[in-house]
Amino acid sequence: MAQRTRSERAERIRHLLETEGPAIHAQASASNDRRKETYGGTDDLEALRTDARAIKEDAIERLPELIETVRAAVEANGGTVYVADDAADANAYVADVVRNEADAADTADASGTTGDADAPSVVKSKSMTTEEIDLNEGLEAAGIDVTETDLGEWVLQVADDTPSHIVGPAMHLDRGQIADLFNERFDPDEPFDTAEELTRFARDHLGEIITEADVGITGANFVVAESGTITLITNEGNARKCAVTPDTHVAIAGVEKLIPTLSDLEPFVDLIAKSATGQPISQYVTMLSPPTDSPTLDFESPDEPITGDGNGAADGPGNSDRDFHLVLLDNGRTDMREDDQLRETLYCIRCGACSNSCANFQSVGGHGFGGETYSGGIATGWEAGVHGQDSAAEFNDLCTGCTRCVDACPVKIDIPWINTVVRDRINRSGDAESYDFLVDGLTPDEEAGGIDPGKRFFGNIGTVAKAASATAPVSNWLADAGPVRAALEHALGIDRRRDLPTFRQESLVDWFEERGGPDASSRRAARAARDGGAEIDREVVLYPDVYTNYVDTERGKAAVRTLEALGVPVRVPDLPESGRAALSQGMIATADRQASRLFAALAEDLDAGQDVVVIEPSDLAAMHREYERLLPEQSFDRLQESSYEICEYVYGLLENGAEPSALSTGDGSEPVAYHSHCQQRTLDLEAPTVAVLERCGYAPESSSAECCGMAGSFGYKQEYYELSMDVGERLATQVEDAETVVASGTSCGDQLEALLEREVPHPIELLAPGHSRR
Amino acid sequence: MTVDTIGRFERALEGLEVEFERVAAADASERIDAVADAPAVGAALPYEGVSLPEAVTIEPTTAELEAARTGVTPVGFAIAEYGSVAVESTADGAEPIALYPDRHVAVVPESDVVPNLSAGFDRLADGFDAGRDSVVFATGRSATADMGDLVHGVHGPGEVHVIVLEDR
Ligand code: SF4
């Protein structure tokens, strides 16, 4: 594989951060904010998403049958359906259609009106599917002129550039850049300046080309099989013009765009604009069952009525002058359909919400976070499916698994899981590397050789941490030493600008045993209950995640003290890793084994009705999300039902009569900036922390940044350090003015501490009894 | 049809910066004449007692279509919730007439304004059964942000005016 090296990647990302990042961030984050607002105002959003998802599942299941249905429907209307195996097949077919149509037009001209034998011409509306097959290049090679009519696509055509976003293809260019480009290229009398002037020029220029074109090509957002109806969702109106003006219309769509019936279209029409741009509905939802009754427009015969010789509906279905071809593209989709992990990708309606909601995407755009054609979170699935794993491998690591896109996706695709699966497959396709010996002793994983040693190191971080803790403080001194940092950077790709975690000699588990273990905890809890607490008959197993146990033991101790003060006895047993670290490196086999071990270790406690409380949100997210794929259903359900995030649990205790006065409370107005963890938000667990802080006399203000940019190991990696800081700075700017800043995730806390240069504790540390103001 | 639905339609159109008025069928021709800036082209209105004013050219030539400032068309129905009008692809050219000129005047009987998208899809399905199977839900004015700022009137109309026939 000709993959970029670490420093080449770092260089490329740095370049994009400077050049395209600002324009992308401005637009993508604005769309994301509008999307959130519109989602929030849509009462039946969840029902719509569930419906849309079910329709897609059903349609992909029945795909071969739907292809036959649509073929019959389109043919009955008088059109043609062609199923193209791959890009070359599709391009050759379309080139044939265009040449035949142009020849026919020339012949007609020669025998009568104004003959011209110019190159055949095509006008196109925006379509990612035609980008996927490089249709423009294919047609141009066949001597056909192609003009993009979507303004964004046309800008790119003029600039000889590629889309940086699946919905806003020219998002990386700002108005000034477009004006410069157009002034240079078209040399107007008065230089273009405003968006208004640029748009007016484009409208006139393209309008003329449309009226002269031989063939109009569109994509299709959806194809209704039963009626042969193609649906085009646009805001500009160019797709309508391309479809209706020339007498030949070619629509090109991936086979996955088929849905069974007209009524199946409704939830998608309702959702797609909301998820894409936050509009309630797009300007033009065009549903055409071509050939349509609309008269063709022959601008070369300006004095003919458009209704012409009455070739309208009287002739039967559709206007008989019209010709329609539906090209259904396979190009790997049949194989994706049979791939249990990639199949979900085919449910994608390409709204771009996963790109907009992604902090990394907002920083670098689709030229960094994208492959040959597709960009953003779901691009990994598309690229792996249609262009192959190598294209996906180029950018797959940019998905940190933050899961913010999961809430955004209108068809509920588990986009992070697709990224994890493809990462796993990429890991397995590598050659064994020479640094394996470095991590061999530290990597009791289930992975075959060949995986990047840095990934292997972070994927096995639990073992690393245990060893480091056992040898602390020597391990910490060593890790800080210059030559060691250089070696870590060289071999494992750990950026030397990052502070490494300081491992504690005494782990949380050891501390807990040292202070008397479960017996002492029961006594403390009983005393607190007697001294004025409520009768709360619960027992907690506090999960000692790797970071809490070996690095950030303070938040673990704070959790223990808080629970006891509220009358709940705690145990902190030595439990296996959750598999989160392995998952984030794409080491699914390792995660699978760890999930089983952890469940086995907890099974007895779960049976005994104990509650599992988790501090690190990413570990809880593994239990609540990924374990569904790793554990038997019953085990998953049992663990999910009985496990809680620490502040969520405290919230429950307060709701059930426990008194906030047992904790460290504020004066009612003490401002606290709070950054919830990305995965915690996806679990809908930001609100309980905010509520607890409020109940305890603080005035929390939540950040709106989607992610801190650190995302576990991501920010440590040399090639991503600057991207991680770019994302982190946006968050830091939001919270820096607050005197107290708290964050739920270890990564978030580390990142903020690095940027703000002060302590950023977990909220539970603020709340724990005996907390002294810093 | 409830008054409420029309109120909702009006509010949605207001948010989209689309002009709206309710008129009696008997006055429609005059009102259309007043809002259809010349030159105007149109597709015949199929509503009893309502006809296009003289100044609106029906069955236009392509030259007239290209030169027109206004296009007047009937619409199959309208969806109050989103302020959408359903432009049907008919043999007399309603779709290009609604699309090419910079100003679209859409005429819809009050009884054809449905409350929400669901009801719109019911109407759509009825139309499909009757052979009217090419329809555009047009909502507001054509728009783009591709040139770096939001601009209206790109390929489609930059002005839209909806006339509701209150007694039809
Ligand atoms: S994966 Fe979901 S959010 Fe992303 S583009 Fe596809 S439909 Fe939209």
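In what order do the six strands of the open sheet in chain A run? I took this up at the start of my notes. The model is predicted.

**Entry 1: the sheet of six strands**

I read the order as S1-S10-S7-S4-S2-S3, all in chain A. The sheet is open, and its pairing is parallel. I recalled that strands of a sheet pair through backbone hydrogen bonds, either parallel or antiparallel.

Next I looked for the edges. They are strand S1 (80-84) and strand S3 (145-148) of chain A. Each of these edge strands pairs on one side only.

I followed one pair in detail. S1(A) pairs with strand S10 (residues 323-329) of chain A in the parallel sense, over five bridges. I picked out A:Val83 and found that its bridge partner in S10(A) is A:Leu328.

Which helix lies across S1 and S10 of chain A? I found helix H4 (residues 63-77) of chain A there. H4 runs at about 150° to S1(A).

**Entry 2: the sheet of three strands**

I turned to another open sheet in chain A. Three strands form it, in the order S16-S15-S17. Here, too, I noted parallel pairing. The edge strands are strand S16 (698-702) and strand S17 (740-743) of chain A, and each pairs on one side only. The twist averages 35° from one strand to the next.

How many bridges join strand S15 (residues 670-675) of chain A to S17(A)? I noted four, with the two strands running parallel. I also looked up A:Tyr674, which stands opposite A:Val742 in S17(A).

A helix packs on this sheet as well. I identified it as helix H37 (residues 746-756) of chain A, which touches S15 and S17 of chain A. The direction of H37 makes about 150° with that of S17(A).

**Entry 3: helices H8 and H9**

I moved on to helix pairs. Helix H8 (residues 151-159) and helix H9 (residues 175-186), both of chain A, pack at an angle of about 55°. Their axes are 11 Å apart. That angle makes H8(A) oblique to H9(A). I noted the crossing of the two helices as left-handed.

Which residues make the contact? From H8(A) I listed A:Trp154, A:Val155, A:Val158 and A:Ala159. From H9(A) I listed A:Ile178, A:Leu181, A:Phe182, A:Arg185 and A:Phe186. By class, I wrote down eight nonpolar, no polar and one charged residues.

I then checked the loop between H8 and H9 of chain A, where A:Asp160 lies. A:Asp160 has a positive phi of about 55°, although it is not a glycine. Most residues other than glycine have a negative phi.

**Entry 4: helices H28 and H33**

Are helices H28 and H33 of chain A roughly parallel or oblique? I looked up the angle to decide. Helix H28 (residues 553-565) and helix H33 (residues 646-655) of chain A pack at about 10°, with their axes 11 Å apart. Therefore H28(A) is roughly parallel to H33(A).

For the contact I noted A:Ala559, A:Thr562 and A:Leu563 on H28(A). On H33(A) the contact residues are A:Ile646, A:Tyr649, A:Val650 and A:Leu653. I counted six nonpolar, one polar and no charged residues.

I looked at a helix pair across two chains. Helix H12 (residues 265-277) of chain A packs with helix H5 (residues 117-129) of chain B at an angle of about 135°. Their axes are 10 Å apart. H12(A) and H5(B) are therefore oblique to each other. I noted their crossing as right-handed.

In H12(A), I found A:Leu265, A:Glu266, A:Val269 and A:Asp270. They meet B:Leu117, B:Ser118 and B:Phe121 in H5(B). The residues of this contact divide into four nonpolar, one polar and two charged.

**Entry 5: cis peptide bonds**

One runs from A:Pro290 to A:Pro291, with omega near -5°. A:Pro291 is in the loop between strand S9 (284-288) and S10 of chain A.

Another cis bond runs from B:Ala38 to B:Pro39, with omega near -5°. I placed B:Pro39 in the loop between helix H2 (25-35) and strand S2 (40-42) of chain B.

**Entry 6: around the ligand**

How many residues surround the ligand? I noted 14. The closest are A:Cys348, A:Cys351, A:Gly352, A:Cys354 and A:Cys409. By class, the shell has 12 nonpolar, one polar and one charged residues.

Terms used
Residues are numbered from 1 along each chain as its sequence is written. Chains are lettered from A and ligands numbered from 1 in the order in which they are written. This is a predicted model: local features need pLDDT of at least 70, side-chain atom pairs count only at pLDDT 80 or more; totals for chains, interfaces and linings use all residues. Side-chain values use heavy atoms; hydrogens and water are left out. A residue is near a molecule or strand if one of its heavy atoms lies within 4 Å of it. Ala, Val, Leu, Ile, Met, Phe, Trp, Tyr, Cys and Pro count as nonpolar, Asp, Glu, Lys and Arg as charged, and the others, Gly among them, as polar. Axes are lines fitted to C-alpha atoms, for helices over the stretch in contact, and angles run from 0 to 180 degrees between N-to-C directions. Angles under 35 degrees count as roughly parallel, over 145 as roughly antiparallel, 65 to 115 as roughly perpendicular and the rest as oblique. A crossing is left-handed if the near helix is turned anticlockwise from the far one by less than a right angle, and right-handed if clockwise. Contact means heavy atoms within 4.5 Å. Two strands pair if DSSP finds at least two bridges between them.
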